[in-house]
Amino acid sequence: MRRLTRDDVIKAVGEVDDVAIAQIIGTGAAVEELAEAQAWIANDEPLMNAGKPLASGRVRELVDILAELEPSEDDDDKKAGPVANQV
């Protein structure tokens, strides 16, 4: 298994800040582990239904980092701005 490079991370998760890239590379994960972590982030139900054990080790670390990069519902609410009262 080949360890992640900066280019691998950018190809997989898009443009993110240098700190996030360093965190991802710092896990010591391989390209395949990043792909598995992305699969868990995208939709964990099929993986669990297939009997796959929950992510652990480096994949779990990657899942945690990637989850922090995902926009939250609170961020979406803030972007929408306040709703004006219509009378």
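**Asp-8**

I started with Asp-8 and found this residue in helix α1, residues 6–13. Helices here are DSSP runs of H or I with at least four residues, numbered from the N terminus. This is a predicted model, in which local features need pLDDT of at least 70, side-chain atom pairs count only at pLDDT 80 or more, and totals for chains, interfaces and linings use all residues. Residues are numbered from 1 along each chain as its sequence is written, and side-chain values use heavy atoms, with hydrogens and water left out.

Is Asp-8 buried or exposed? I noted that Asp-8 counts as buried because its relative accessibility is 13%; buried means under 20% relative accessible area, exposed over 50%, and partly exposed in between, with a 1.4 Å probe and protein chains only.

Next I looked at what surrounds Asp-8. Its side chain reaches the backbone nitrogen of Thr-5 at 3.0 Å. Setting aside neighbours within four places in sequence, I listed Arg-2, Arg-3, Val-31 and Leu-34 as contacts of Asp-8, where contact means heavy atoms within 4.5 Å.

**α1 against α2**

I then checked how α1 sits on α2. The two helices pack at an angle of about 110°, and their axes are 10 Å apart; axes are lines fitted to C-alpha atoms over the stretch in contact, and angles run from 0 to 180 degrees between N-to-C directions. So α1 is roughly perpendicular to α2, a label for angles of 65 to 115 degrees.

Which residues make this contact? From α1 I wrote down Arg-6, Val-9 and Ile-10, and from α2 Asp-18, Ile-21, Ile-24 and Ile-25.

Not counting residues up to four places away in sequence, Ile-24 touches Leu-4, Val-9, Leu-34, Leu-62, Ile-65, Leu-66 and Leu-69.

**Gln-38**

My last stop was Gln-38, in helix α3. Gln-38 counts as partly exposed because its relative accessibility is 27%. Beyond residues up to four places away in sequence, Gln-38 touches Ala-12, Val-13 and Leu-66. I also noted that the C-alpha atoms of Gln-38 and Val-59 are separated by 9.1 Å, with the two residues 21 residues apart along the chain.

Technical notes: A polar contact is a pair of N or O atoms within 3.5 Å; within protein, one must be able to donate a hydrogen and the other to accept it, and residues adjacent in sequence count only if both atoms are side-chain atoms. Angles under 35 degrees count as roughly parallel, over 145 as roughly antiparallel, 65 to 115 as roughly perpendicular and the rest as oblique.
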